[in-house]
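Here are some notes for a first look. Please read them beside the model.

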Amino acid sequence: MLQLKRKIENQQRREICVRRKKFGLYTILLTFLACLFAHWALSQQNQSGFDAQARSQDILAHLNAVIQFYRAVTQPIQKAGEPNDVVYRDQAVALSSQIAGFAFQSAKAEAALINSGQTSQTTPSSTDTDRQQRTQAFKANLEKQINDLETREAALDKQIAAAKPRDVAALKAQKKQLYGALDLANAMKDAMQKIIGMSDTHGHTGLAADIDRLQDSIPELQSNNKTASPQLTALDSARSSGVTSQGGVLFELLGTRHTLHTLQGYNDNLREQALALRTPLSSMLRNLIQRGQQLSQEAVNSVPSSPALKHAARSSANPPAAVETDGSAQPDSDQADIDTITARFKALSAATVPLSQEIILLDESRANLAAWQTSVDREYKSILYSILLRVLVILIALGIIVAGGRIWTRATNRYIRDIRRRRQLLIVRRIVVGVLSAIVILFGFVTQFNSIATFAGFLTAGIAVGLQTILLSVAAYFFIIGRYGVKVGDRITVASVTGDVIDVGLFRFYMMELAGSGIELNPTGRIAVFSNAVLFQTGTPLYKQMPGTEFAWHELTIKLTDTANYKTVCDAILKETHAVYDEYRDRIEQQHRNIQNWMQASIEAPAVQSRLQFNAGGFQLWVRFPVEIRHAAQTDEKLTQALFDLMARNPEVKSAVAAMPVIQASVRG
């Protein structure tokens, strides 16, 4: 019983010890977490009030602007210009590449400064070092405790294997408690490693990683492959081209001017950002230089008798090191301050010098872009002047053509008396003026005829199919107005329609419809419209008077009796017919002479013709005589009255006529 009681008391004491150890471990863990949080907060803002987060955002914003500027410069900017524009473009690309390189170099150096805490303007204290030492000590103690617990676990396993059955339960209880303590220690180790890992890598996964990602987005900066210069359209060929080509070049130059103006804005913005980033670093460098000079002067003053030390103090390469004079050395604190200032000066200069180089290159880039824009402005003005000159020449040429057309019109109206000829000349004038104007406009606005010829071929084929009737009408127009064509006033017959032509157009002609008996035709009050293409239609013939003539042929038919004295009767009737024809015979013969002179050919003269012939078992007198078209009805009426008087005064003629005489047109219409 006594042994059992002792075992119970020992077990209770062990449980109390385990609880105390757990409480102590929790306290240490909470203290460690608080220290890590404070360390992380101090790493974001140093003792001098330097805002690392805002500084990181400014650096990233500057790098983004640098990348935007580089992308804008490397894009094709100019498509037309002089050969020296390629030099400006290549120089702009080279400068933008160097600017981007220095910007990333400075950003990486400053990211290292922010992560290492070197941006503080004062000497860093030993708080961070002590905190790191305590962290390492706590980590080592925790690992030692885990090793001890694992060793104790192995020993308990051996004791359980060799213990008596009555002692196994107590040993297993101890092992269970040992398992709990080991789990707690491992959990604390994992938590500490996670926090330490996040704290140690925060700077790298933040600003430094962002800088690397931005640099990876423009891999061409790290390659030796140069961007090929674009092919420029020579302005010499553009000046000799048409208005459309020159207009295209003018708009391209206008776009180039706008792009260069935008690039200059990007350049100025980058320069302001670089100056803003360099200002605090320059201030830190000046403070470090002043502090280093002060320490160097103190070191020189402390050993005035040593020429070698004075010479070393005047040296600007490195701060003076520990120099022995009369067996004594400078204090260790001064030497540590000088070493610290030297290290910080190197770190700050690694970030400041690339910024200064970037600013110098930005100034060179600004000058290059300004010279480029001056060249483009000069080219823009040259092309604009060439366009205005060409347009002026086109307007002058069109004015000359229009003035020539007006002179042509006045001369035609003044000197050409024939209405038909006058109309033809005016139509020719219209065609000539239109063709010349089209040629001037075509050659003035277009010079690239290769593609136009192909397009015109397809267009002509489509027009020929779709506008077949219109094209035939235009072609027939030139036949209609030809030597044997149709003129206003002609009496023609088309598709069984007879009428007088009142107008002849480019696509169709108009005629006044006539209707009536076979002898006399009168207007119906309607206008018949025919396409000029009717000239090529074989099923629809067109009939017209012989050019220069205005007479038609009429026929007189008289049936005679069997007992008539044919010779006497025929002579009497022909005498009356000649008497009527003699009234207008001179006009008919004049028309005949005109047509002979115009055709330069011999034509049978019109005259009264007569035949005595059998018809339906009897004799018939057929007389054919010309009549003026405009007075055909009056002529037929006079001949009818003359025959009536002849039969009234001559009974022999009256008895010889078996039926009433018939007068009709030889050809209807």
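This is a predicted model: local features need pLDDT of at least 70, side-chain atom pairs count only at pLDDT 80 or more; totals for chains, interfaces and linings use all residues.

1. Val435 sits in helix H10. It also belongs to a nonpolar surface patch of about 710 Å². Helix H10, residues 419-445, gives the patch its largest share, eight residues.

2. Now the inside. There are three cavities of 30 Å³ or more. The largest cavity holds about 50 Å³ of space. Among its lining residues are Gln75, Asp85, Arg89, Pro230 and Trp372. By type, the lining divides into six nonpolar, two polar and two charged residues. Helix H3, residues 84-116, supplies the largest share, three residues.

3. Arg89 is buried, at 5% relative accessibility. Asp90 is partly exposed, at 33%.

4. The structure has 17 salt bridges. One of them joins Lys487 to Asp490, with 2.9 Å between the closest N and O atoms. Lys487 is partly exposed at 27% relative accessible area, whereas Asp490 is buried at 9%.

5. Arg491 pairs with Asp500, the closest N and O atoms lying 3.0 Å apart. Arg491 is buried at 17% relative accessibility. Asp500 is buried too, at 13%. A network of salt bridges links Arg491, Asp500 and Arg630.

Conventions. Residues are numbered from 1 along each chain as its sequence is written. Side-chain values use heavy atoms; hydrogens and water are left out. Patches are made of residues with over 30% relative accessible area and no salt bridge: like charges are joined within 9 Å, nonpolar side chains (Val, Leu, Ile, Met, Phe, Trp, Tyr) within 5 Å. Accessible areas come from the Shrake-Rupley method with a 1.4 Å probe; for residues, only the protein chains shown count as cover. A salt bridge is a side-chain nitrogen of Lys or Arg within 4 Å of a carboxyl oxygen of Asp or Glu. Helices (H or I, at least four residues) and strands (E, at least two) are DSSP runs, numbered from the N terminus. On a 1 Å grid over the protein atoms alone, a cavity is a set of points where a 1.4 Å probe fits but cannot get out, and a pocket is an open set with protein on both sides within 12 Å along at least five of seven lines; lining residues have an atom within 4 Å of a point. Grid points are joined across faces, edges and corners, and a volume is the space filled by probe spheres set on the points. Ala, Val, Leu, Ile, Met, Phe, Trp, Tyr, Cys and Pro count as nonpolar, Asp, Glu, Lys and Arg as charged, and the others, Gly among them, as polar. Buried means under 20% relative accessible area, exposed over 50%, partly exposed in between (1.4 Å probe, protein chains only).
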